[in-house]
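Hi everyone, thanks for coming. I'd like to walk you through one model today, so please have a look at the screen.

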Amino acid sequence: MLLSFLQKSKSLIGIGEQQTSPLSSSVSGLSVPNDLQSNSSNMSSSSMDRQSTDQSDHKQFQELIYDYIRSIKDPEKPATLEDLHVVYEEGVKVKGVTPGNVKMVEIEFNPTVPHCSLATLIGLCIRVQLERTVALSNPFKLDIYIKKGAHNTEDEINKQINDKERIAAAMENPNLRKIVEECIQEED
């Protein structure tokens with residue numbers, strides 16, 4: 001891939017192909033090779049194709065993530081997070097990709113009431129479910145947030161559910177781990 005990029009770059013700037021012809025452009029006495037003129041339009045469509053592919057990949061990844069979190073059971077009610085509208089497709093966003101090809105994912109969820117005492121547990125269930133499923137084959141960085149204005153203590157909860165040390169400590173608690181396991185367990 002790097003070799004292909006270097007070859008394209010050489011071609012675009014005319015290294016090794018300094019030939020000009022009557023069809024080449026001249027600006028202030030400088031000749032612009034024909035292949036540079038045609039490659040600039042190819043680069044535009046190539047760049048657009050890449051952007052379209054990236055958007056398609058992001059959309060597929062968002063759908064994959066949503067498919068895994070929608071079936072998480074609510075800790076209190078006999079319903080899934082999707083049934084209760086706690087998670088929703090628009091709340092899953094791929095914000096970009098790092099140079100190391102790690103997707104940056106943001107999930108927003110909406111507790112059923114502004115004083116929900118289990119909002120932290122719901123965030124923990126979402127994180128554990130995705131780390132056990134999606135992260136195994138698709139590296140990503142996950143940030144989970146409560147929908148702005150949807151909870152009385154959203155800032156504190158957001159901090160807790162995005163703190164690796166607090167997550168690890170919570171999952172060491174056998175009672176809490178049991179609840180998380182029950183919530184993320186697949187239906188038979």
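When I say contact, I mean heavy atoms within 4.5 Å. With that in hand, take isoleucine 126: beyond its neighbours within four places in sequence, this residue is in contact with Ile69, Ile72, Leu81, Val87, Ile107, Phe109 and Ile144.

A word on the source: this is a predicted model, where local features need pLDDT of at least 70, side-chain atom pairs count only at pLDDT 80 or more, and totals for chains, interfaces and linings use all residues. Residues are numbered from 1 along each chain as its sequence is written, and side-chain values use heavy atoms, with hydrogens and water left out.

Now helix H6, residues 174-184. Helices here are DSSP runs of H or I, at least four residues, numbered from the N terminus. Which residues of H6 are buried? They are Val180, Cys183 and Ile184, buried being under 20% relative accessible area and exposed over 50%, with a 1.4 Å probe and protein chains only. Seen down the axis of H6, these buried residues fall within an arc of 85 degrees, so they line one face of the helix; the arc is taken from the directions from the helix axis to the C-beta atoms. On the face turned away sit the exposed Pro174, Asn175 and Lys178.

And what covers the buried residues of H6? Helix H3 (119-132) and helix H5 (164-172) are included in that cover.

Finally, the N-terminal end of H6 is capped by asparagine 173, with a side-chain oxygen 2.9 Å from the backbone nitrogen of asparagine 175. Thanks, happy to chat!

Key:
Helix = DSSP H or I, 4+ residues; strand = E, 2+ residues; numbered from the N terminus. Polar contact = N/O pair within 3.5 Å; in protein donor to acceptor, adjacent residues only side chain to side chain.
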